[in-house]
Amino acid sequence: MLDDSPERSQDLTVDGIAINVPSLSNAVSSIVSAAQDGDNFSVCTLNLDHVVQLRQRPDFRAAYRRARFVTADGFPIVMLSRLLGTPIERTTGADLVEPLCQAAQQKGLSIFLLGSNESTLALTASRLVERYNGLQIAGYYAPGRDFDPSSAEADVAIDLIRKSGAKLCFVALGAPKQELFSARCLDELQGTGMLCIGAALDFIAGTQTRAPSITQKVGLEWAWRMLRNPRRLGPRYARCIAIVPRLVIRTLPQIVQARRSKAA
């Protein structure tokens, strides 16, 4: 369940999107509770690349606004929360998968895997079942590289998820496809939580390598990734860095108001 204590009374809002999940443990408990209740919901993990896209794509912003749970996936966003006085723990899509699988195994919640490719999904499913004995993998599907969330292929994916009866669906399509698809599923599925998780399934399968934990802890995971693929990621991170000053300026009124409220 979401933490509604006085300390959490002021959610950090980043470019109009409220981050309402303060920690990994809170995210897991909230998601599991919603899944047990048979709710439809989506989960997004906000980072600076997403903030850039929010300004460029109204459909992406609309998908984010429909998400029930939004975590902070990005060190600058975590730092803004500290300035606000309500620290948020960085929680990425990759952080969510295994704790949720463990909880799903304990609570009897089945899961569906969507994204990547067939061999990666098969290996990921095998490893998750091995780690969490009794975990129910209801199915998996790997759409084509040019997957369109509004296409006939998306119709096929939705039908497979529906027929599987899965309570949780891990959507590893990358932004903005995974968020747009998840938002569509809110209208077309019943009782399935959609989790946007980026490359998390590839990390589990070992087809991609996640940054060392030390770089994650000090907020330099992005730098590690960029050094490994500068041609693809360099321009993206340059755009992300460029928006930080403006983001801080736009967040200042929240920070000032929160500080005054706590001082009163």
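This is a predicted model: local features need pLDDT of at least 70, side-chain atom pairs count only at pLDDT 80 or more; totals for chains, interfaces and linings use all residues.
Where does S23 sit in the chain? S23 has its place in the loop between β2, residues 17–19, and α1. The side chain of S23 is joined to the side chain of S25 by a polar contact of 3.3 Å, and the side chain of S23 also reaches the backbone nitrogen of N26 at 3.1 Å. If we leave aside residues up to four places away in sequence, S23 touches E89 and T91.

Which residues of α1 are buried? They are N26, A27, V28, S30, I31, V32, A34 and A35, so N26, whose backbone nitrogen is reached by the side chain of S23, belongs to the buried residues of α1, which means under 20% relative accessible area. These buried residues pack against the strands β3 (41–46), β4 (69–72), β7 (168–172) and β8 (193–196), and also against the helix α5 (93–107). After α1 comes G38, and the phi of G38 is positive, near 75 degrees.

Next, I would like to turn to a pair of helices, α2 (residues 48–56) and α12 (residues 230–263), which pack at an angle of about 80 degrees with their axes 9 Å apart. Angles of 65 to 115 degrees count as roughly perpendicular, and α2 and α12 are therefore roughly perpendicular to each other. On the α2 side the contact is made by L48, D49, V51, V52 and R55, while α12 contributes R236, R239, C240, I243, V244, R246, L247 and R250. Sorted by class, this contact has seven nonpolar residues, six charged residues and no polar ones.

Finally, consider another serine, S110, which lies in the loop between α5 and β5 (111–115). Is S110 buried or exposed? S110 is buried, because its relative accessible area is 9%. Not counting residues up to four places away in sequence, S110 touches Q136, A138, G165, A166, K167 and L168, and a polar atom of the S110 side chain lies 3.4 Å from the backbone oxygen of G165. S110 and L46, in contrast, are 26 Å apart in space, C-alpha to C-alpha, and 64 residues apart in sequence.

How values were computed: Residues are numbered from 1 along each chain as its sequence is written. Side-chain values use heavy atoms; hydrogens and water are left out. Buried means under 20% relative accessible area, exposed over 50%, partly exposed in between (1.4 Å probe, protein chains only). Helices (H or I, at least four residues) and strands (E, at least two) are DSSP runs, numbered from the N terminus. Contact means heavy atoms within 4.5 Å. Axes are lines fitted to C-alpha atoms, for helices over the stretch in contact, and angles run from 0 to 180 degrees between N-to-C directions. Angles under 35 degrees count as roughly parallel, over 145 as roughly antiparallel, 65 to 115 as roughly perpendicular and the rest as oblique. Ala, Val, Leu, Ile, Met, Phe, Trp, Tyr, Cys and Pro count as nonpolar, Asp, Glu, Lys and Arg as charged, and the others, Gly among them, as polar. A polar contact is a pair of N or O atoms within 3.5 Å; within protein, one must be able to donate a hydrogen and the other to accept it, and residues adjacent in sequence count only if both atoms are side-chain atoms.
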